Amino acid sequence: MSLVRKFATVGGATLGSRVLGFARETLMAAALGTGPMADAFYAAFRFPNLFRRLFAEGAFNAAFVPLFAKEIEANGVEGAKRFSEEVLGVLFTVLLLITIVMELAMPWLVSWIIAPGFEVGTEKYDVTVKLAAVMFPYLMCMSLTAMLSGMLNSLHHYFAAAIAPVFLNVALIAALGYGLWTGADPLATAWYLSWGVLVAGLLQMAVLYVGVLHAGMRFGLRRPRFTPNVKRLLWLALPAAVTGGITQINQIIGQMIASTKDGAIAVLQYADRVYQLPLGVVGIAVGVVLLPELSRALRGGHEREAANLQNRSLEFVLFLTLPAAGALWVISDEIVRVLYERGAFSAETTGTVAATLAIYGLGLPAFVMIKALTPGFFAREDTKTPMRITGLSVAVNCALAVSLFPLFAERGIATAEATSGWLTATLLFVTLVWRGHWNWENALAFRVLRLLIATVIMAVSLNYASIALSDWLAPESPLLIQLTALMMLIGLAMVVYFAIAFLIGGADASMIRRNIKRKASTPPPIEP
C-alpha cells in the first residue's frame, strides 16, 4: 500500500470520528452552552485526556512501535509476543496504581491543577471533582488501547486503531441525545456524559483487542517484571510522553489560567474542536503512519527512502493545512455561527469563540508539522531531544499565556499556544537538518512558497464570497440556508486553492500519482 493511501486510510477513519465530534459539540453547545456545567465537564475531562496523550498515545507511538518492530525483525512473532506480554504486565500494574492514587487525590488535583480558578465549596467545584473521579479510569482503558494500537500500526494494520475513537463520540452523542430527549437539566446531562466517557473507553479497548487477535497476535497478562526490554521502553517513553503531549500540556496550562473566568474553558474547547478536524485528519494520519514506515526504512538501512518519506510527509501536511489555516482565519465567524449558535449558545459567544478559533487557525500548520517532524527523532530512538525542545516551548507558552490572558482573555491563551507550536516546529526542523537527519530539498521550499501564494489568493476570494453571502449566513436565516452557504464557501475555497496550487507549481499531479502508486515493502508475515 502506498504512503498516500495509508494516510488516506487513517485520515478517512479519523475524519469520520471528527465529523461525529462536530455533531457532539453541536449538541453540547445547545445543551450546556458556556455555562458552569460545561466548564465543569470540560475541565474534568481534560485531565484524563491529558494523561492519555502524555502516557498513552505519545509515549507508545514514540517508544513502543520502534521496539516492537525491532523484536519482529530480530526474534520473529514469538519475540514480539513475549515483549508485548512483558510490557502489558508492567503497564497494567502501573496504571492501576496511578488510577487509585488519582481517585483519592482528586479534590486536591482539581484545586491545584485541573481548575485552580474554581472556588472550593461551590457547586461547580464539587461537580468537577465528582465528574473527574468517574472519568479518570478512562486513562487506564485508553493507555491499554494505545498499546494495542501500536501493535496494529507496527503490523501495518491501521484502520482499526484509527476507527476506535468513533466510539467515544457515539457514546457521548447518545448521552446528549438522551439528555435532550428527557429534558434533563445541565447537571444531569453532565453526569450522562461522564459515564458515557467511561463506557467509550471500554468499547475502544475491546475493539482494538479484537483487531490484534485478527492480525494474528495472541498474548496474555504476565506478572510485572522490569526486563531489559521494558526498561528500554520506559527510558524512551518518559521523555516521549512529554513531547507527544505538547499540545495537551499547553492546553492544560491554558485551562488552568482560563478557569479564573466564567465560560472561558468552554470557549477554548469549542474553538479547539473545530481546528481539531484538519489536525486530526492530516496530522494524526501522518504521525501514525510515518513512525512505523520510517522505523522500518531506517532499520533496513534505506536512508534515501527515509529521507523521501520525511520530505513527502511534510509536503503533504502543508499542502492540506495551509488552506485550512487560511479558511479558519477568514470565515471563523461563519463557521462558529453555523455549527454552534443555537439554544444556550448566544451570538456574543459566537464572536468570542470565532476570534479564538481564528488564532488557533494560524497555529494549525505548526501543530500538524510537529506530528510530521517528531517521527524523525522517535524512529532513531531519540526521545530526549524533542523533550528538551518541548520544555522550552512550554515555558514560552506559560509566560505568554499569563501575560496575555489579562489583556485578551481566551484570545491571549490561543496566541500563546499558536506561538509555542511554531517555536516547537521550527526547532524540530532546524535540529533534524543540522544533524543531517533531514535531506533538504530546494524544490520542496519553492513548492511551499507557491502553496503560500495559493493560500493568500484563496483567502482573499473567500473574504469577498463571505460578504456576498452574508444574508444567507445571517443568524436569522434558516439552518439549512446557512449550511448551504457555508458549503458553498468551502467548495469555492477548494476550487480556487487547488486550481492556483497546480497552476503555479505548488503541487504536481505526476508527483502525486507516483506517491499513490509507490508500493511499500511487504510487512513481515504473521502466523497465528
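User: What pLDDT does the protein average?

Analyst: This is a predicted model, in which local features need pLDDT of at least 70 and side-chain atom pairs count only at pLDDT 80 or more, while totals for chains, interfaces and linings use all residues. Residues are numbered from 1 along each chain as its sequence is written, and side-chain values use heavy atoms, with hydrogens and water left out. The pLDDT is the predictor's confidence in each residue, from 0 to 100. Of the residues, 82% score at least 70, and the protein averages a pLDDT of 79.

User: In which helix is confidence lowest?

Analyst: Helices are DSSP runs (H or I, at least four residues), numbered from the N terminus. Confidence is highest in helix α17 (residues 410–434), at a mean of 91. At the other end, with a mean of 52 over residues 509–517, is helix α20.

User: Which residue forms a salt bridge with Asp39?

Analyst: A salt bridge is a side-chain nitrogen of Lys or Arg within 4 Å of a carboxyl oxygen of Asp or Glu, and the structure holds two. For Asp39, the closest N and O atoms of the pair are 3.6 Å apart, and the partner is Lys124.

User: Why does this pair tie together parts that are 85 residues apart in sequence?

Analyst: Asp39 is buried at a relative accessible area of 1%, where buried means under 20%, exposed over 50% and partly exposed in between (1.4 Å probe, protein chains only). Lys124 is also buried, at 13%. The pair joins these parts because Asp39 lies in helix α2 (residues 36–104) and Lys124 in helix α4 (residues 123–135).

User: How far apart are the closest N and O atoms of Glu315 and Arg447?

Analyst: Glu315 lies in helix α12 (residues 303–330) and Arg447 in helix α18 (residues 442–468), so their pairing links parts 132 residues apart in sequence. Glu315 counts as buried at 7% relative accessibility, and Arg447 does at 16%. Their closest N and O atoms are apart by 2.2 Å.

User: Which helix gives the most to the nonpolar patch?

Analyst: The surface patch includes Phe446, Leu449 and Leu503. Both α18 and α19 (479–504) supply at least two of its residues. With five residues, the one that gives the most is α18.

Methods: Patch = residues over 30% accessible without salt bridge, like charges linked within 9 Å, V, L, I, M, F, W, Y side chains within 5 Å. Areas by Shrake-Rupley, 256 points an atom, 1.4 Å probe, with all protein chains shown as cover.
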